[in-house]
Amino acid sequence: MEDNYIDFELNNRKLKINKENPDDILMLKTHGGGYKMKNPKWNQIKVYTRKSDGYRVIQINPKKYKLHRVNYYAHNPTWNIHDTSSNNQIDHEDGKDNLPKHQYNNIENLRVVTQQENQWNTKAKGYTWCKQRQKWRSQIMVSGKKKYLGSFDLKEDAHIAYLEAKKIYHIIK
């Protein structure tokens, strides 16, 4: 059992997270009823899904953490979990629909990206209907600006143009 867990510390608490199932996270309980325990024990931490955005979250008093950030930190202890700047986001390579629920937050599915890169794997269509021209207009965001890709008679062609542009402009290194 011990081989399946990674030991780490966060907020001065000793924790263990299961390598294959990040929902399985334990915290060492050292105090009870205001007294130090003679025999500290490992307790399961409750993981819940936030209704507002669907993220899995845990609480390590007094702070709440997104589970994918905790898992990434456990595997990469030099990474700054408290830095929530736009250059230190954790991205899920495969979306929720592409993986079984228990694998979504696995370390193999996580990477550090910028906030802009994190937006690249959203389910954008990449096209809109242009009423004035009576055509489908394809565009992509590059460095915060819209890049026009062309106008098309078929929405499928506009979408293909967007997907091809993603291969050029939305590359995460």
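Modeller: Let's start with the burial terms: buried means under 20% relative accessible area, exposed over 50%, and partly exposed in between, with a 1.4 Å probe and protein chains only. This is a predicted model, where local features need pLDDT of at least 70 and side-chain atom pairs count only at pLDDT 80 or more, while totals for chains, interfaces and linings use all residues. Residues are numbered from 1 along each chain as its sequence is written, and side-chain values use heavy atoms, with hydrogens and water left out.

Colleague: Okay, why does N12 count as exposed?

Modeller: N12 has 76% relative accessibility, so it counts as exposed, the cut-off being over 50%. N12 sits in the loop between β1 (5–10) and β2 (13–18). Helices (H or I, at least four residues) and strands (E, at least two) are DSSP runs, numbered from the N terminus.

Colleague: What is the phi of N12?

Modeller: Near 60 degrees, a positive value in a residue other than glycine. Most residues other than glycine have a negative phi, and most peptide bonds are trans. Q134 also has a phi near 60 degrees, and its place is the loop between β10 (127–130) and β11 (135–142).

Colleague: Why is Q134 called partly exposed?

Modeller: Because its relative accessibility is 48%, which falls between the 20% and 50% limits. E164, in helix α3 (residues 155–169), counts as partly exposed at 42%.

Colleague: What makes the bond from N61 to P62 cis?

Modeller: Its omega is near 0 degrees. P62 is located in the loop between β6 (56–60) and β7 (63–66).

Colleague: Why do you describe helix α1 as largely enclosed?

Modeller: Eight of the nine residues in α1 (residues 67–75) are buried, so the rest of the structure largely encloses it. Among them are R69, N71 and Y72.

Colleague: How do you know that both faces of β8 are covered?

Modeller: In β8 (residues 89–92), Q89 and D91 are buried on one side, and I90 and H92 are buried on the other. In a regular strand the side chains alternate between the two faces of the sheet.

Colleague: And what makes β8 and β9 a pair?

Modeller: Two strands pair if DSSP finds at least two bridges between them; β8 and β9 (residues 110–113) are joined by four, and they run antiparallel. Q89 is opposite V113 in β9.

Colleague: Why is I140 called buried?

Modeller: I140 has a relative accessible area of 2%, against a limit of under 20%. This residue belongs to strand β11. Leaving out residues up to four places away in sequence, I140 touches several others, including L149, Y162, A165 and Y169; contact means heavy atoms within 4.5 Å.

Colleague: How does the radius of gyration of the chain sit against the globule rule?

Modeller: The chain has 21 Å, whereas a compact globule of 173 residues would be near 16 Å. The radius is taken over C-alpha atoms, and the rule is 2.2 Å times the number of residues to the power 0.38. The C-alpha trace spans about 75 × 30 × 30 Å along its principal axes.

Colleague: What share of the chain is buried?

Modeller: Buried residues make up 34% of the 173.
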